[in-house]
Amino acid sequence: MSGSGPMNVFDIAGRAMSAQLVRLNATASNMANAGNVTGSEADAYRAIKPVFQSVTDKPGVSTVKVANVLTTDAKPTKRHDPNHPLADQNGDVWEAAVDSSAELVDMIETARMYQNNVQVLNTAKSLMLETIRIGK
């Protein structure tokens, strides 16, 4: 979007797809770190989540952007494993604060939202081509 004019269907769907890609990347990062352990609570990975914000060009024309990506306040899980090489002086390790089930649900929802926007683009393209064909 160049900012030179009002948003059109391609701008709207494109921004939505970009936002969903950020969401998918965050989910991938969370899944990649699920199960990771460290020797201290402070160093343990915490899931990240994008924060979406509506962008309204004019009434009835709105899309979305990623306003920020925040770290959740979920607490890492302490596990007693004195034989682990990263265990602290008490024999504890801290597992990443990632709910794998919730991340999988998020991933499926994100993929569906992305697919919906691809369908919007395909429909708009088909309608434009049909309009051109009728005009000939």
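Modeller: Thr38 is found in strand β1, residues 37-38; helices (H or I, at least four residues) and strands (E, at least two) are DSSP runs, numbered from the N terminus. This is a predicted model, in which local features need pLDDT of at least 70, side-chain atom pairs count only at pLDDT 80 or more, and totals for chains, interfaces and linings use all residues. Residues are numbered from 1 along each chain as its sequence is written, and side-chain values use heavy atoms, with hydrogens and water left out.

Thr38 has a relative accessible area of 16% and is therefore buried (under 20% relative accessible area; exposed is over 50%, partly exposed in between, with a 1.4 Å probe and protein chains only). Leaving aside residues up to four places away in sequence, Thr38 touches Asp43, Ala44, Leu86, Val93 and Trp94, where contact means heavy atoms within 4.5 Å.

Strand β1 belongs to an open sheet of three strands, ordered β1-β5-β4, with antiparallel pairing. Strands β1 and β4 (77-80) are the edges, each pairing on one side only. Two strands count as paired if DSSP finds at least two bridges between them; β1 and β5 are joined by two bridges in the antiparallel sense. Val37 has Glu95 as its bridge partner in β5.

Asp92 is placed in strand β5, residues 92-95. With a relative accessible area of 9%, Asp92 is buried. Beyond residues up to four places away in sequence, Asp92 touches Gly39, Lys78, Arg79, His80, Asp81, Leu86 and Ala87. With His80, the side chain of Asp92 makes a polar contact of 3.0 Å (a pair of N or O atoms within 3.5 Å; within protein, one must be able to donate a hydrogen and the other to accept it, and residues adjacent in sequence count only if both atoms are side-chain atoms). Arg79 lies 13 residues from Asp92 along the chain, and their C-alpha atoms are separated by 5.5 Å.

As for confidence, the protein has a mean pLDDT of 92, and 96% of its residues reach 70 or more; pLDDT is the predictor's confidence in each residue, from 0 to 100. Confidence is lowest in strand β2 (residues 48-58), at a mean of 92, and highest in helix α1 (residues 9-33), at 95.

From the record, UniProt lists residues 11-39 as "domain: Flagellar basal body rod protein N-terminal" in an unreviewed entry. The end C-alpha atoms of residues 11-39 are 46 Å apart, and the span is 79% helix and 7% strand. UniProt positions are given in the numbering used here, feature names are shortened, and annotations may be inferred rather than shown by experiment.
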